[in-house]
Each structure stands twice: as C-alpha cells, then as structure tokens.
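Subject: Structure handover

Dear colleague,

Here is the structure I said I would pass on. My notes on what was found in it follow below.

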Amino acid sequence: MPKPSATTPFHLIYGGDPYLNEQTVRDLRHQAQRKHPDAETIELDATNADHYAFDEAVSPSLLSERSIVIVSNLQNADDKLGETMVAYCKQAVNNPAEASIVICQHEGGIKGKRLIDQLTRAGAGKEDIPDLKKPEAKLNFVLAQFERHNRRVEPAAAQQLVDVLGERTGELAAMCNQLCFDFDDNPIGINRVNQYLTSNAQVTGFALADTALAGHTADAIVMMRSAIEQGASPIALIGALASKLRGVA
C-alpha cells in the first residue's frame, strides 16, 4: 500500500488489518517527525484520556511550539473528548502552519463511527485500511513490502510467502524485510524464498541452538535475526542456547 500523506494536520486511521493499521500510524508519525524534528511526541489512549489531556497535548509548551499527538482506541472516546477533538480539527485545518499533528487510530466497526464522521466533516484526512482477507490483497501486500525497500520479487516467490505466512501479517512483513536484508538478488526468486522459509519459518530457540552448536555460524545468525523479527524473546533464545551448552557439558 502507498505511504500515507502528511499534508493534513489531522489524520484518521480506520480499521483494516491490525498490522497495516499500526504501520500506517508509524509511517505518519515518522513523516511528521522528519518535518518537525523539534516537535514533542505525545501518546494518548482515548479509553482513559479526557478532553483536558488532549487540550494540553496539542497546545504549545516550553519544549516546542507544536506536538505530534498519537491517539489510540479512538472508538472509546467519550463525548466531551470527541467534541474537543472536532473543535481542534476545525482549527488545525484552517491554520495548518501552526497546528499540532494529530494521528488517531480506530480499530474499525460501528463503535465511535459518529465521531469519525464528525471529524471527517471537520476536515480530517481519513485512511481506510484494507483488511487483507482476500488472497490478491495479501499478494499485493507482499509486493508492496519489497517496493518499500526498492526491491522486486518474482510472482511465484511472492505467492509462496503468502501461502506459508499469509495468515500472520506481522510475520509476513518481517520475512519480506529479512529477505531484502540478507540477500542482494533483485528480484528475489522462489529458490531464495524456499531456502529461507525452510530454515527460518517458525524457527525455535532450540533449533537455533542446534545450528550454532553444529558449527553453522552464518545460518545460526540468519535464524536468530529471523526469530527476533518474528517476535521471539532474545532471553528465550539465550536460555535455549544455555540449555544446550549445559547438556554438552
């Protein structure tokens, strides 16, 4: 998917695949930070934040004239917070040069839809995130991940990644990123993908430890990076290696 635009000061990220939703928020946040390096970044959870907290977050402070405010769980905002946000959205859109950047994250669904409509009418930019439920959407996601690195992937290789990891978007993205990091091939072919998936998909700490103790250092390092990218705890990996070493001793 294309990178979101940071031209408007007020953003709504609505629904879709949770990983893509988070990725869009990260992209907008990084764009705002590059444009306003002196701005303070403030995170609010609409589940428990009130309108006073939002007012304070978007107001100039001693640290900076503007801030970058990330509001999660917008669907849980109470009426007073919603009214304050709508009022600020109108103000920010009319005077973007001096406005703080607001990025709101909504999980999708009916809850909080009225506030979404009010903010959209007030001038907020809304991005509807795809849900990646259809096979072609998953395939396009893989192609886009390689494009983010200015790389290409063969269609058969992209389909293989979808077939193996298509139900776990975060792991799928991590695998695409790691392939780009580890290999210079352009495009990445199916042989590289199969080689990588065989040794790295669902890698465990004990498999990594077995590879390291067998003397395959390079393979162990690749497995370790992949495991961490897929969310494995570094402490668990160290524990597995220590257990194997104790067994050898």
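Strands β2 (residues 40-45) and β3 run parallel and are joined by six bridges. Strands here are DSSP E runs of at least two residues, helices are H or I runs of at least four, and both are numbered from the N terminus; two strands count as paired if DSSP finds at least two bridges between them. In this pairing, glutamate 43 stands opposite isoleucine 70 of β3.

Before the rest, the basis. The model is predicted, so local features need pLDDT of at least 70 and side-chain atom pairs count only at pLDDT 80 or more, while totals for chains, interfaces and linings use all residues. Residues are numbered from 1 along each chain as its sequence is written, and side-chain values use heavy atoms, with hydrogens and water left out.

Strand β3 and its neighbours

Five of the six residues of β3 (residues 67-72) are buried, which leaves the strand mostly covered. Buried means under 20% relative accessible area, exposed means over 50%, and partly exposed lies in between, with a 1.4 Å probe and protein chains only. β3 also pairs with β4 (residues 101-106), in the parallel sense, over four bridges. Valine 71 faces cysteine 104 of β4, and isoleucine 68 has isoleucine 101 as its bridge partner in β4.

β2, helix α2 (residues 51-58) and β3 form a right-handed β-α-β unit. Right-handed is meant as follows: with the strands pointing away from the viewer, the path from the first strand over the helix to the second runs clockwise. From β3 the chain then crosses through helix α3 (residues 79-94) to β4, and this β-α-β crossover is right-handed.

Contact means heavy atoms within 4.5 Å.

Nonpolar cores

A nonpolar core is a set of buried Ala, Val, Leu, Ile, Met, Phe, Trp, Tyr and Cys residues joined through side-chain atoms within 4.5 Å. The largest has 30 residues, of which Ile68, Ile103, Val142, Phe146, Leu161 and Leu179 touch the most other members. Two or more residues come from each of α1 (18-35), β3, β4, α5 (135-148), α6 (155-165) and α7 (169-182). The greatest contribution is that of α7, with six residues. There is a second, separate core of 28 residues, and Ile42, Val58, Cys89 and Leu119 are among them.

Histidine 51

Histidine 51 is in helix α2. With a relative accessible area of 15%, histidine 51 is buried. Apart from neighbours within four places in sequence, histidine 51 is in contact with Lys80, Leu81 and Thr84.

Salt bridges

The whole structure holds six salt bridges, each being a side-chain nitrogen of Lys or Arg within 4 Å of a carboxyl oxygen of Asp or Glu.

- Aspartate 117 and lysine 113: the closest N and O atoms are 3.1 Å apart. Both residues lie in helix α4 (residues 113-121), four residues apart, about one turn of the helix. Aspartate 117 is partly exposed at 28% relative accessibility, and lysine 113 is partly exposed at 30%.
- Lysine 126 and aspartate 128: the closest N and O atoms are 3.3 Å apart. Lysine 126 is partly exposed, with a relative accessible area of 31%, whereas aspartate 128 counts as exposed at 53%.
- Aspartate 185 and arginine 192: the side chains meet at 3.2 Å, N to O. Aspartate 185 is partly exposed at 27%, and arginine 192 is partly exposed at 26%.

Regards
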